[in-house]
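Here is a friendly briefing to read alongside the sequence and the 3D view. Have both open before you start.

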Amino acid sequence: MNRRVNRKYSATFLIENNRVIAEDNAGNIIEEGKAGVDDARVLQSAIDYIHPGGEVKMLRGKYIFAEPVVVYNTTLINGEGRGTIITPPSGDYAFKVITTEKSPLRSEINGLDVDNSLYGVVFRDFAIDGERKGKGIYMKKLIDSFFEGLWIVNTDGVGLNIDEYVWECNFENIHLIGNGNADMKEATIIIGGGDNNNLRFERTEVIFPNYRGVEIGAGNRPYPPRLIFFSHSMFHGLLPIKKAPPYELIYVNNVDSKRGAVISDSRITHTGERSALIKVMRGSVTISNCIIGGGTGMYAIRGEKGAMLRIVGNTFHDGPNYNEYSLYATGSEVIFQANILDGKETKICLAPASNSIIVNNRFILDTEECSIWIGDD
C-alpha cells in the first residue's frame, strides 16, 4: 500500500560537510548555510516552512545559534537525545516560544475569544548547552504544550523562563544542571507572575544552580501563579559545599492563596550556609512526602508573614552543617503533620505563627534543646 506523505509539514535539520541544511521529507532543500554561522537562520526557515505546524527533526550534531529561534506555531521539535546539542547566542535564549499575529490560537478550537494563546508546541529529546554564555528557553502566552527529555546545562542565567500567561503545560524529564546567574539574579527556573496556571513538572532535576534553583512569582504582577506542581523531582545546591551561593534553593515570592504550589515525592538538599532550602513569602504551598536535608543550610523550610504552609509526611535529616531548623515560621499559617525529624538540629520555631497545627510528628533529635520553640524564647 502506498502512503501519501505530506511533505509540507515535515522537515529535517542536519549538519553535513560543514553545511547546515533544512530539507523536506523528499530531501529537497528548504534552506542551507554555513555550519556554526547560519544554524539559527536555517532552523527558523524550517519552522516557517511547516507553518502553521508540523515536525522538525533535528539530527545529532552541535548547532551554534547566532540569534534565538522563534517558535510561534504548533511545532514539534524532535531531537536525537543528548547528542543533539544547541549552543545559544551569547546573552540570549536558544528558543523563544511566543504568540505572534501568525500563531494558531486555541480559540480556534473552542471559539472562546479569551483563549488567544499559542497551543500545541512540543519540544522533545535534545540538549541546550549554554557554555556559560547563553540562556535556555523563554515562553510567554502559551497553552496546552509539552516539554520532555530536555537537557539544559551551563547557561549564563535562566535555563527555563516561564513568563506571563503560560497555562496547562507539562514538563517531564527536564535536566537542568549548572544554570543561573547570581549577579543578574536569574534562577535556573523562573515562573513569573501574570496568571501562570496549572503547570506540571514531573521528574525535573535542578542540580548545582549558580543562584536560586527555582523562583516562583517573580516580580509584582497583579495575578500570582497558581496550580504549580513539582513531583518526583530533585533539587540540589551547588557543589563544593562551601561554594553554595547564599540564596534559597526554592524561593516562592508569591502564589495564589488557595491554589498555590505543591512539591511532592521529591528530594531537596543543600543550600547556602545560612539560607533556606525552601522559603515562602506569600501564598499557599504544600510540601508532602519529600526527603529534605543534608549538605548545609540553616532552614529546611522558612515561611514569612503571608505564607500558608501545609507540610505533611516528609522526612527531615541533618548533614555536615545542617540544619538548625526544619521549620522556621514568622507570622505564617502552618499545618505540620506526620513528619519525621531525625538528626542533630532539626527543631521547629514559630516566631510567632498564627493558626498553627503541629500534630503526629516523630522527633528523633540528637540534642538536649527543646524540639519546638514558640515566640522569641
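Arg226 touches Asp195, Asn196, Asn197, Asn198, Asp256, Arg259 and Gly260, leaving aside residues up to four places away in sequence (contact means heavy atoms within 4.5 Å). This is a predicted model, in which local features need pLDDT of at least 70 and side-chain atom pairs count only at pLDDT 80 or more, while totals for chains, interfaces and linings use all residues. Residues are numbered from 1 along each chain as its sequence is written, and side-chain values use heavy atoms, with hydrogens and water left out.

**Arg226 in its setting**

- Arg226 is found in strand 20 (residues 226-231); strands (E, at least two residues) and helices (H or I, at least four) are DSSP runs, numbered from the N terminus.
- With 16% relative accessibility, Arg226 counts as buried (buried is under 20% relative accessible area, exposed over 50%, and partly exposed in between, using a 1.4 Å probe and protein chains only).

**Salt bridges**

- The count comes to 19 salt bridges, each being a side-chain nitrogen of Lys or Arg within 4 Å of a carboxyl oxygen of Asp or Glu.
- One of them pairs Arg106 with Asp144, whose closest N and O atoms are 2.8 Å apart. Arg106 lies in the loop between strand 9 (93-97) and helix 2 (107-110), and Asp144 in the loop between strand 13 (142-143) and strand 14 (146-153), so this pair ties together parts that are 38 residues apart in sequence.
- Arg106 is buried at 15% relative accessibility, whereas Asp144 is partly exposed at 36%.
- Arg106 also forms a salt bridge with Glu168, with 3.2 Å between the closest N and O atoms. Glu168 belongs to strand 16 (residues 166-177) and Arg106 to the loop between strand 9 and helix 2, so the pair ties together parts that are 62 residues apart in sequence.
- Glu168 counts as partly exposed, at 25% relative accessibility.
- In the salt bridge of Lys279 with Glu248, the closest N and O atoms are 4.0 Å apart. Lys279 sits in strand 25 (residues 276-280) and Glu248 in the loop between strand 21 (234-236) and strand 22 (250-252), so to speak distant parts of the chain, 31 residues apart.
- Both Lys279 and Glu248 are buried.

**Strand 11 and its partners**

- Strand 11 (residues 122-129) has six of its eight residues buried, so the rest of the structure largely encloses it.
- Strand 7 (residues 74-78) runs parallel to strand 11, joined by three bridges (two strands pair if DSSP finds at least two bridges between them). Here Asn78 stands opposite Arg124 of strand 11.
- Strand 8 (residues 84-87) pairs with strand 11 in the parallel sense over two bridges, with Ile85 opposite Ala127.
- Strand 14 is parallel to strand 11 and joined to it by seven bridges. Glu148 in strand 14 is the bridge partner of Arg124.

**Cavity linings**

- Glu248 turns up again among the residues that line the largest cavity, which also include Pro209, Tyr211, His270 and Thr271. A cavity is a set of points, on a 1 Å grid over the protein atoms alone, where a 1.4 Å probe fits but cannot get out, and lining residues have an atom within 4 Å of a point.
- The lining of the second largest cavity includes Arg221, Pro224, Pro225 and Asn254.

How values were computed. 1 Å grid on protein atoms, 1.4 Å probe; cavity = no way out; pocket = protein on both sides within 12 Å on 5 of 7 lines; lining within 4 Å.
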